[in-house]
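Here is a friendly walk through one protein model, written for someone who likes cut-offs spelled out. Have the viewer open as you read.

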Amino acid sequence: MTGQTVETRVRRFRRRVPIAVGLTAIALAFGLGALIMLRGGGLPMPIDEEWAEEVLTIRGPVGDVLAGFMNWLGGGIVGVILIPAGGAILLVVLGRPWAALYFVVASAVSAAIVQLLKELFGRDRPEDMLVTSDFGSFPSGHVANAATIAVVVGVIAPRARVWAAGVAYTALMAVSRTYLGVHWVTDTIGGALVGAGAALLVWAVLAGPLERERLAWIERMSRRNAERAQAHVTPPAGSARS
């Protein structure tokens, strides 16, 4: 088997994996929403009720501030428009236009699927809400947005610590949504599935240009760092006289 054939198969495998995982995640979100509605017309499941009781025990002034900040960060104009647009602008400035396109498209696809599921299932929100929210409890748009950002940033900057930070951010967003009483925990699970699935599907479509751009960017950064290091090298003592 030639090296070119191997590389072609590797590229196809890499593309098939995010497609399969992304479609599975979104299908699971649809299935979870359907199960919730068919089981009791959207009423909370046992895990929802148990988690809601646990969250009530940790409410307090500090938690209110942190959850309120996450509410502001993950939704509305800030979460849906400013963060994706700001991230895209930063990526363009850094010389990564394909990564910028990926960020914007993945965010838009995730938001569209969230709205589709909200309209499709129309699940009622919990009654004990600390902030006002729009129609549709399932899935959580804030968590979907957080999961999309986590996957996008992990793809753009593939480092273990980046992925770990993305997982932590998504989990924190999920906890904050149930803390504020605007979502059941199953809503946050659905949101995470939608957000991650959407980002993976868009990644599969843009995998080739994104990888070529990433490798080219690494090469540019390495060359620039080498030039800077060379510029700071002190010449030998006799070189100036010669």
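## A buried aromatic pair

F121 and F138 are both buried (under 20% relative accessible area, with exposed meaning over 50% and partly exposed in between, using a 1.4 Å probe and protein chains only). Before going further, please note that this is a predicted model, in which local features need pLDDT of at least 70 and side-chain atom pairs count only at pLDDT 80 or more, while totals for chains, interfaces and linings use all residues. Residues are numbered from 1 along each chain as its sequence is written, and side-chain values use heavy atoms, with hydrogens and water left out.

The structure holds two aromatic pairs. Rings of Phe, Tyr and Trp (its six-membered ring) pair if their centres lie within 6.5 Å; planes under 30 degrees apart count as stacked, over 60 as edge-to-face and the rest as tilted. In one of the pairs, the rings of F69 and W72 sit 5.7 Å apart at their centres with planes at 35°, so this pair is tilted. F69 and W72 are about one helical turn apart, because three residues separate their positions in helix α3. F69 itself is partly exposed, at a relative accessible area of 43%.

F121 and F138 also form an aromatic pair, this one edge-to-face, with 5.8 Å from centre to centre and 80° between the planes. F121 belongs to helix α5 (residues 97–121) and F138 to the loop between α5 and α6 (141–156), so the pair ties together parts 17 residues apart in sequence. F138 has another feature to look at: a cis peptide bond joins F138 to P139, with omega about -5°. P139, too, is in the loop between α5 and α6.

## The chain as a whole

The chain has eight helices and zero strands. Both kinds of element are DSSP runs numbered from the N terminus, helices being H or I with at least four residues and strands E with at least two. Of the 242 residues in the chain, 38% are buried. The accessible surface amounts to about 13,600 Å², and 68% of that belongs to carbon and sulfur atoms; such areas come from the Shrake-Rupley method with a 1.4 Å probe, and for residues only the protein chains shown count as cover.

Contact means heavy atoms within 4.5 Å. Among the contacts in the chain with a separation of 6 or more, 77% are between residues 24 or more positions apart.

## How two helix pairs pack

Two packed helices are described by the angle between their axes and the distance between the axes. Here the axes are lines fitted to C-alpha atoms, for helices over the stretch in contact, and angles run from 0 to 180 degrees between N-to-C directions. Angles under 35 degrees count as roughly parallel, over 145 as roughly antiparallel, 65 to 115 as roughly perpendicular and the rest as oblique.

Helix α3 (residues 61–74) and helix α4 (residues 76–93) pack at about 55°, with axes 5 Å apart, and are therefore oblique to each other. On the α3 side the contact involves W72, L73 and G74, which meet V78, G79 and I83 of α4. By class, this contact has four nonpolar, two polar and no charged residues. The classes are simple: Ala, Val, Leu, Ile, Met, Phe, Trp, Tyr, Cys and Pro count as nonpolar, Asp, Glu, Lys and Arg as charged, and the others, Gly among them, as polar.

For α6 and helix α7 (residues 160–179), the axes come within 9 Å and cross at roughly 175°. These two helices are therefore roughly antiparallel. Residues in the contact include H142, V143 and A146 of α6, along with V162, W163 and G166 of α7. The α6–α7 contact divides into twelve nonpolar residues, four polar and one charged.

S176 is in helix α7 and is buried, with a relative accessible area of 5%. Setting aside residues up to four places away in sequence, S176 touches A67 and M70.

L38, in helix α1 (residues 3–40), counts as exposed at 76% relative accessibility. From L38 to F121 the C-alpha distance is 9.9 Å, across 83 residues of sequence.

W203 is in helix α8 (residues 185–231) and is partly exposed, at 28% relative accessible area. Apart from neighbours within four places in sequence, W203 contacts P18, Y102, V155 and L210.
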